[in-house]
Amino acid sequence: MGWTDLRLRVRALASRRRAESELDDELTFHLEMEARKARLAGLPAGEARRRARVAFGGVEQVRERCRDARGLSFLESLARDFRYAFRVLRHSPAFTAAAVLSLAVGIGATTAIFSLVDAVLLKMLPVRDPQQLVIATWSNKDASDLMFTRASNNNGGTNVFSWQAFTDFRSRSQRLFDVFGFSPMGRINASISGEARIAGALLVSGNYFSGLGVGTVLGRPIVADDDNAGGAPAAVISYRFWERAFGQDPSILGRTGVTPRDFFGVSVGGMTFLREIEITLPILAQETLEEKSGEPPRWFDRDWFWIQVMARARRPGDVPAARAELAGLLAADLPPSPPSEGRAPRVELQPGDQGIGSAKETLRDPLLILFAVTGLTLMMACANLAGLLLARAAARRKEICLRLSLGAARRRIIRQLLCEGALIAAGGALAGLLLAWWGVRALLAAVASGQNPLTLEAAPDVRVLAFAAGVSVLATLLFALAPALRATGVDLSEGMKQDAGGFRR
């Protein structure tokens with residue numbers, strides 16, 4: 001099929017009345033030409049028209065063949081089926097409302113839970129090439145004399161490194177690139193327009209934003225020059241904090257930048273003791289804050305481990321060699337230890353495309369359980385609707401038997417009944433999306449107000465809409481196909497006799 005044929009067929013579908021009018025004009029022209037030939041041969045006008053119709057063949061048959069030649073007869077027939085299905089459902093408002101609401105509950109609940117599953121367990125970080133990111137962790141035989149921050153764990157390993165180790169990774173690694181570090185600072189007091197506010201702060205290296213490939217919508221991000229002790233003070237705030245604390249005032253430009261709306265850092269749901277990252281500061285700000293508090297600054301000592309490290313690997317095959325490379329660099333940076341202890345670090349590089357944080361571990365099992373429960377709820381709703389449609393098909397047995405006896409193909413009637421189911425599913429999907437939007441808001445409020453509050457961003461997007469559409473198609477097949485097959489698989493003679501008996505009564 002060429003582009004000209006495709007264009008003409010699409011035009012015929014979009015301008016059906018015009019196409020039908022042109023077809024009528026063409027058929028009339030051919031009939032008149034045939035009749036004119038007959039009149040020139042000496043036949044009377046009436047006989048000439050009759051001969052023309054006989055020679056031309058059945059006009060309606062020719063019309064149908066022309067429609068088939070367009071290649072759009074199936075779509076036109078399907079459109080008629082949907083129009084008829086809409087009229088049928090419109091005349092049964094109680095049944096239609098009950099069916100749509102029942103399906104909406106199942107689709108809405110399933111879609112709402114899937115929105116959270118997608119945000120927490122499936123979606124990648126909103127950064128450049130997230131599949132390249134890796135997260136560095138390490139373990140060793142004995143680290144009792146080392147100082148670890150609360151970012152470490154108690155399973156024989158830790159996810160934090162010293163400043164010396166991090167800077168060596170960044171400057172000397174040959175297998176990784178864009179090695180950047182960060183550390184949650186927790187809640188700090190921030191003075192905003194003379195008003196004190198509590199905000200969650202994250203300390204980052206100067207290449208944090210460039211390593212992630214994230215810019216700012218206002219101002220500038222933290223850059224490499226901010227890693228210098230004498231660098232100019234800089235800060236980056238989150239878009240939500242800009243809305244809450246500054247009312248989206250653009251006058252904050254200068255040394256302060258604003259991250260994009262969809263950027264939440266490298267942790268879904270926040271980090272340990274850091275529910276939401278509202279202010280991002282250069283990592284050397286930690287030493288300045290310690291000096292102001294009167295405490296001796298130890299953060300950059302060799303035995304103080306507090307910086308989490310992420311990097312990029314160009315190819316998955318580089319990861320094993322990068323692990324060995326980082327282990328060697330780390331071993332050289334560890335403080336001297338007695339020979340009997342023999343500290344031998346082991347470095348692991350885990351995929352970082354979905355970020356870090358405890359939200360995945362905290363919510364994984366509850367979300368999967370809820371997803372299974374809502375899936376069962378949807379199946380139960382489909383089973384109930386299938387029962388309703390079976391009862392409805394029994395009440396419409398006379399109509400179905402009559403259409404079959406008049407020559408309608410069984411597949412055409414099945415398609416008609418499936419169109420009714422598809423309209424119910426479409427209505428249930430639209431109402432379900434509204435319920436899902438409300439349900440997501442309620443679920444986000446619940447996880448943000450529990451004993452271990454989490455800040456999550458989840459909203460229906462293309463993936464969620466595609467999921468809802470897929471669920472709707474599946475629901476149509478589940479609750480409409482079986483009743484349609486059973487309703488059309490009837491004995492015509494027996495069915496017509498029973499209906500005739502009903503009329504005699």
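Modeller: The count of aromatic pairs comes to 16, where rings of Phe, Tyr and Trp (its six-membered ring) pair if their centres lie within 6.5 Å, and planes under 30 degrees apart count as stacked, over 60 as edge-to-face and the rest as tilted. One of these pairs joins Trp163 and Phe300, whose ring centres are 5.2 Å apart with planes at 90°, so it is edge-to-face. Because Trp163 belongs to helix H7 (residues 163-172) while Phe300 sits in the loop between helix H10 (285-293) and strand S9 (304-313), this pair ties together parts that are 137 residues apart in sequence; helices (H or I, at least four residues) and strands (E, at least two) are DSSP runs, numbered from the N terminus. Trp163 is buried, with a relative accessible area of 15%, whereas Phe300, at 23%, counts as partly exposed, given that buried means under 20% relative accessible area, exposed over 50% and partly exposed in between (1.4 Å probe, protein chains only).

This is a predicted model, in which local features need pLDDT of at least 70 and side-chain atom pairs count only at pLDDT 80 or more, while totals for chains, interfaces and linings use all residues. Residues are numbered from 1 along each chain as its sequence is written, and side-chain values use heavy atoms, with hydrogens and water left out.

A second pair, Tyr239 and Trp242, has ring centres 5.4 Å apart and planes at 80°, so this pair too is edge-to-face. Tyr239 and Trp242 are 3 residues apart in helix H9 (residues 239-246), which means that about one helical turn separates them, and both residues are buried. Elsewhere, Phe180, Phe182, Tyr208, Phe209 and Phe263 form one aromatic cluster.

Leaving aside neighbours within four places in sequence, Leu330 is in contact (heavy atoms within 4.5 Å) with residues including Trp138, Phe161, Phe169 and Phe305.

Confidence should be kept in mind: pLDDT is the predictor's confidence in each residue, from 0 to 100, and its mean over the protein chain is 79, with 78% of residues reaching 70 or more.
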